[in-house]
Amino acid sequence: MGSGAGIRQIQAQTVFFGASDGPMTNEQLQQAPGRILHFPTVLGAVVPVYNIPNMTAALKFSGPVLADIFLGKITKWNDPQIAKLNAGVSLPATDITVVHRADGSGTTYIWVDYLSKVSAEFLKKVGVNTAVNWPTGVGGKGNEGVAGLVRQSPGSLGYVELIYALQNKISYGSVQSMAGEFVTASAQTVTAAANEASSKMPADFRVSITNAPGKGVYAISSFTWILMYENPTDKQRARVMVDFMKWALTDGQKEAPALGYAPLPKEVVDREMQALQKIQL
């Protein structure tokens, strides 16, 4: 289930808590029957995945090049702009098949949030949301749908959470950071992005850390959030959930790297443990 459905269900109170890789908008929060709080749980990365037969080199991408591919402006793998970033790599003259999400998705939110920061044209034509009108490409449902389409479509390029690229053994590229480095997604490079943002973290934890400054930073990184009502009707379930969150923010953080995620900076955890006290039990 994508983040769009998670947000809709927490608004409708058909679930006790929601989860999203994109924070709720002010408008979405206002549509809910009560105050919803955001709690970051781990850090994730979205990676450009591709299927080029017989390609062994790991490709390099820049934000503007990815934006132009998803705008339908760059259509061939051997386009001069891709070739310039990948000197010495033999790129085929085949068409690029763009693969994107068909459902509302936090993964899409992170991807378009990043592309909108590095391309004014992308911001104007596509914008930032969990679901957007794509100028080009084919849609897959869920990260697994996009991963499946890329795996079975030679010449394709899509975006998925890092864990899906690892589990499906799909090639994924490095992305040029704001500092100009080509950085590959990992627990370390995602944490580096969060360390930069944690000092500027707003009280409600809704923050974007895509295209963060600094060395060793992976550009398409994000927190992933649990969404809970401040004054839940089911107090017994709320107590269980708060206990779970306390575990997830402490001992549970050790489990993150094995699942393709990065643990939260200590400063963020400390602030969240305070924020959990706002939930009326």
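A nonpolar core is understood here as a set of buried Ala, Val, Leu, Ile, Met, Phe, Trp, Tyr and Cys residues joined through side-chain atoms within 4.5 Å. In this predicted model, the largest such core holds 84 residues, and Phe70 and Phe223 touch the most other members. Strand β2, spanning residues 36–51, gives the most to this core, with nine residues. As general background, nonpolar side chains tend to be buried together in soluble globular proteins.

Once its neighbours within four places in sequence are left aside, phenylalanine 223 is in contact with Asp21, Pro40, Val42, Leu43, Ala194, Met201, Val207, Ile209, Leu264 and Val268.

Turning to the overall fold, the protein has eleven helices and ten strands. Its radius of gyration is 19 Å, close to the 19 Å that the globule rule gives for 281 residues, so the protein is as compact as a globular protein of that length. Taken along the principal axes, the C-alpha atoms fill a box of roughly 60 × 35 × 35 Å. Of the contacts between residues at least 6 apart in sequence, 71% join residues at least 24 apart.

Burial and surface complete the picture. Of the 281 residues, 54% count as buried. The accessible surface comes to about 12,500 Å², and carbon and sulfur atoms account for 51% of this area. As for charge, there are 24 positive and 21 negative side chains, with the centres of the two sets 1 Å apart.

Notes:
Residues numbered from 1 in each chain as written. Predicted model: local features only at pLDDT ≥ 70, side-chain atom pairs only at ≥ 80, totals over all residues. Heavy atoms only, no water. Buried < 20%, exposed > 50% of the residue type's maximum accessible area, 1.4 Å probe, protein only. Helix = DSSP H or I, 4+ residues; strand = E, 2+ residues; numbered from the N terminus. Contact = heavy atoms within 4.5 Å. Rg over C-alpha atoms; globule rule 2.2 N^0.38 Å. Areas by Shrake-Rupley, 256 points an atom, 1.4 Å probe, with all protein chains shown as cover. Lys, Arg positive; Asp, Glu negative; His and termini not counted. Charge placed at Lys NZ, Arg CZ, Asp CG, Glu CD.
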